[in-house]
Amino acid sequence: MNYGFTYIPHSPVSWRFPLGFQCFFAIVTILFVLIAPESPHWLVMKHRANEAREILARLLAKSTDDSEVVDGIQTLEIAVNHELEVQQKKPLQEIFTRKSKQQTLRRILLGAGTDFFQQVGGTNVIAYYLPVVLTRSVGLDNRMALILSAVDSMSLMFWGVIAALVIDRIGRKRLMLFGAAGSSLCFALVAVGLRYGGPSNRGMSILAVVFIFVYYVFYGVSLLSIPYIYPAEINSQQMRNVGTSFATTTNWLFVYVIVVATPTAIANIQRKYYMLFAIFNFCFLPIIWYFYVETANLSLEQIDRLFEIKHDSGNAISWTEATMIARTEVISDLARTEKKGNSDSQHYENVA
């Protein structure tokens with residue numbers, strides 16, 4: 001659309017319509033939100049278990065009395081009751097409470113960190129300014145720069161779809177490591193291509209363009225999507241709104257920083273600007289490896305329990321071991337609840 005409207009350059013509609021058309025997607029989102037069901041977890045928290053059971057049954061395509069639905073509601077009730085016991089402080093107090101079993105501050109920072117990685121990793125140097133990069137840094141003409149920008153944006157859509165298919169199989173942490181390592185390599189090779197490219201060495205200029213495209217492969221399957229799901233997964237039920245709000249604020253703050261700085265940086269330090277992002281992405285690797293917790297294939301209740309177990313055990317067990325314990329304990333809690341329910345039923349029968 002952006003490319004097509006460049007053919008009417010002397011009319012304000014060339015930029016007004018592409019900007020205004022984005023409202024269409026906002027309207028569609030609003031309409032879908034109006035008919036979206038409430039979260040079963042939230043409904044249980046508000047003592048509306050019957051509604052939660054109906055929605056969970058619809059999500060699982062089963063009847064409301066199916067064992068999987070009944071077990072799911074019982075698990076949610078256990079989790080909600082446990083949250084009320086553990087998190088009795090107000091949100092601001094919970095964030096700055098030392099030795100919190102829920103590790104609230106750490107979880108908020110982990111969620112916001114993914115948005116920091118996304119923006120400081122250099123995505124908007126490409127997303128916002130690729131035509132500028134291709135004309136000023138690579139030396140392409142305006143028309144070819146716009147065509148390549150359109151193609152690159154469509155390729156990002158493809159890699160985003162691939163991410164949706166593999167993110168639960170591979171995991172968030174591994175994909176972030178893969179994405180940061182690949183992005184670092186791509187920006188470094190773009191800087192090398194720009195350093196030695198030019199009219200006398202078109203091959204190195206082509207190298208720079210190729211790795212601008214390859215960057216979207218690594219970014220598209222990792223940090224394109226993860227910053228929008230990880231903050232909601234990693235934060236507890238009580239702090240989820242606070243945590244995701246802080247992450248979104250971090251995202252847009254650094255969008256502003258990068259978008260404002262990029263034209264001036266390209267004009268003044270040129271290829272060194274791309275090497276800066278290669279260094280940033282490389283620095284993300286040890287942070288992701290050491291601090292980040294895998295959330296793939298874990299329920300929100302299991303993630304909460306995971307942090308409690310690790311807090312209580314310290315360095316005695318690894319995060320992998322704590323994850324296995326969290327999965328087992330949630331299932332055991334459900335089993336104990338069922339056993340207690342059966343015992344109560346037998347007791348009432350004996351009394352009768």
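**Exercises on a predicted model: rings and cores**

F5 is partly exposed in this predicted model, at a relative accessible area of 21%.

**Exercise 1.** Classify the aromatic pair formed by F5 and F17, and say which parts of the chain the pair ties together.

*Solution.*
- Take the geometry. The centres are 5.2 Å apart and the planes make an angle of 20°.
- Apply the cut-off. Planes under 30 degrees apart count as stacked. The F5 and F17 pair is therefore stacked.
- Place the residues. F5 lies in the segment before helix 1 (13-35), and F17 lies in helix 1, so the pair ties together parts 12 residues apart in sequence.
- Check the exposure of F17. F17 is partly exposed, with a relative accessible area of 38%.

**Exercise 2.** Classify the pair of F21 and F24, and find where both residues lie.

*Solution.*
- The centre-to-centre value is 5.5 Å, with 15° between the planes; the pair is stacked.
- Both residues lie in helix 1, 3 residues apart, about one turn of the helix.
- F21 is partly exposed at 30%. F24 is partly exposed at 44%.

**Exercise 3.** Describe the largest nonpolar core and the contacts of I288.

*Solution.*
- The largest core has 59 residues. L134, Y274 and I288 have the most contacts inside it.
- Helix 10 (residues 172-196) gives the most to this core, with 10 residues.
- I288 touches F117, K173, M176, L177 and A180, leaving out residues up to four places away in sequence.
- A second, separate core has 10 residues, among them V44, A57, L76 and V80.

**Exercise 4.** Find the ring under the charged end of R143.

*Solution.*
- The ring belongs to Y7; the charged end of R143 sits over it, 4.3 Å from its centre.

Technical notes
Residues are numbered from 1 along each chain as its sequence is written. This is a predicted model: local features need pLDDT of at least 70, side-chain atom pairs count only at pLDDT 80 or more; totals for chains, interfaces and linings use all residues. Side-chain values use heavy atoms; hydrogens and water are left out. A nonpolar core is a set of buried Ala, Val, Leu, Ile, Met, Phe, Trp, Tyr and Cys residues joined through side-chain atoms within 4.5 Å. Buried means under 20% relative accessible area, exposed over 50%, partly exposed in between (1.4 Å probe, protein chains only). Helices (H or I, at least four residues) and strands (E, at least two) are DSSP runs, numbered from the N terminus. Contact means heavy atoms within 4.5 Å. Rings of Phe, Tyr and Trp (its six-membered ring) pair if their centres lie within 6.5 Å; planes under 30 degrees apart count as stacked, over 60 as edge-to-face and the rest as tilted. A charge sits over a ring if NZ of Lys or CZ of Arg is within 6 Å of the ring centre and within 35 degrees of the ring normal.
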